Amino acid sequence: LMLKTPTLLATSLLVLLTAADGLAKAPPPLRVDRSLSLQQALRLAARRNLGLLRNDLERRRVALGYDAAWQTFLPELSMDTSYQTLPKTDVTGGGRNLSYGASVTWKAPVGTSLELGMRVDPHVLRGDASHRSSLNLTAKQPLLRGGWRAGAGNTLAEAQLEVGIQRALSHQQLETQLANVVNAYWGLAFAELDVANRTRTRNRAKRQYLDTKENIRRGIIAKIEIFVVEDNLVFFEQQLLAAKQSLVLARRALAQLLQVAGNSKISVSDDLSKLPKALPSRKALLSSGLHDNPTLLAEILRVRKNRVQLSFQRNQALPSLDLAGSLKLNGVDKSYRDHLAQVATGDRPEATIGLT
């Protein structure tokens, strides 16, 4: 990297110093120097694992995407108003025109769209007045392209399936993490038990060595007997050293899964008697592994999502055929009150229906 100006050099040095200062103030990793039960270890692993937290945020993001997909099918309210001054000409005497109205539009996941609107158009002329208003209900249903759930509700169906996929993936990662913690926890329990057994064996060998050495000093047994017990003592010392090394590795493995300091003095409080006495049957294992497997569930949901996408593409290849209908109640009168009364009583109805 070549810095050609003093400003770039100063900026880069400032960034480096800021980053170094941030690293220097970073909190130290959590250190756990106590015994943990299996449930405590599982909760600690699930709460501090960054991969699980990231997947949980992704699951929430996808859930928000499903909520956003519903926004398309929420009712929409719109209002408008306009004012116009008409100039005076040789033909007309001029006047003022104030128009206003409101409408509510709603689209269903099957493609049906409804619109209900009210329009009022008071037109005041020089010395005269003419008021118009209408209440309009319009309905439209695509029969081929853009219709039904394959053409209109595909985004909602895809978003719902994506929520299920992400939930299954998060579940799978959580189960994998917890299974690794369980294995590491009982591995540490076995390592601690092995160290305890090897220590007792080494102590017995050491007592035997000391007793043999004392008996040789007293002349009770021959000196050559010391080599046998000394060889046993060295052998058990080596086994104890290997067991202690395995204990350190098992403790480090559990600490890594719990996202705590590697030099933490973690120990287990649950004894091995809590392990199951026997494994489930092969049939039960296969049934649980195939029917309750989150990865398989995610793949099934992906297949369903692909089918939804394929159905949408097939729908888009169809010709457009829409069924539309409308009902309009009109009111026309010089009196502002009377033209609204005509709309309420339906004196001037207008209806249409047809195919496009």
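Author: A residue is called buried under 20% relative accessible area, exposed over 50%, and partly exposed in between, with a 1.4 Å probe and protein chains only. The model is predicted, so local features need pLDDT of at least 70, side-chain atom pairs count only at pLDDT 80 or more, and totals for chains, interfaces and linings use all residues. Residues are numbered from 1 along each chain as its sequence is written, and side-chain values use heavy atoms, with hydrogens and water left out.

Reader: Why is Leu77 called exposed?

Author: Leu77 has 59% relative accessibility, and therefore counts as exposed, the limit being over 50%. Leu77 is found in strand β2, residues 76-86; strands (E, at least two residues) and helices (H or I, at least four) are DSSP runs, numbered from the N terminus.

Reader: What makes Leu77, Met79 and Val104 a nonpolar patch?

Author: A patch is made of residues with over 30% relative accessible area and no salt bridge; nonpolar side chains (Val, Leu, Ile, Met, Phe, Trp, Tyr) are joined within 5 Å, and like charges within 9 Å. Leu77, Met79 and Val104 form such a patch on the surface, with about 340 Å² of accessible area together. Accessible areas come from the Shrake-Rupley method with a 1.4 Å probe, and for residues only the protein chains shown count as cover.

Reader: What makes a set of residues a nonpolar core, and which residues touch the most other members of the largest one?

Author: A nonpolar core is a set of buried Ala, Val, Leu, Ile, Met, Phe, Trp, Tyr and Cys residues joined through side-chain atoms within 4.5 Å. The largest core has 26 residues, of which Val181, Tyr185, Leu188, Leu254, Leu258, Val260 and Ile266 touch the most other members. Helices α2 (38-48), α5 (154-218) and α6 (225-258) each supply at least two residues of this core. Apart from it lies another core, of 7 residues, among them Ala157, Leu161, Leu301 and Val308.

Reader: How do you know that the length of α5 agrees with that of a helix?

Author: The expected span is 1.5 Å times one less than the number of residues. The 65 residues of α5 should therefore span 96 Å, and its end C-alpha atoms are 95 Å apart, which agrees. Gly219, which follows α5, has a positive phi, near 85°.

Reader: Why is the phi of Trp148 worth noting?

Author: Most residues other than glycine have a negative phi. Trp148 has a positive value, near 60°, and lies in helix α4, residues 148-151. Its relative accessible area is 43%, so Trp148 is partly exposed. Gln259 also has a positive phi, near 60°; Gln259 lies in the loop between α6 and β6 (267-268).

Reader: Why is the pair Arg60 and Asp56 called a salt bridge?

Author: A salt bridge is a side-chain nitrogen of Lys or Arg within 4 Å of a carboxyl oxygen of Asp or Glu. The closest N and O atoms of Arg60 and Asp56 are 3.1 Å apart, and the pair therefore meets the limit. Both residues lie in helix α3 (residues 50-70), 4 residues apart, about one turn of the helix. Asp56, Arg59 and Arg60 are linked in a network of salt bridges.

Reader: How do you know that Asp56 is partly exposed rather than buried?

Author: Asp56 has 22% relative accessibility and so counts as partly exposed, since buried means under 20%.
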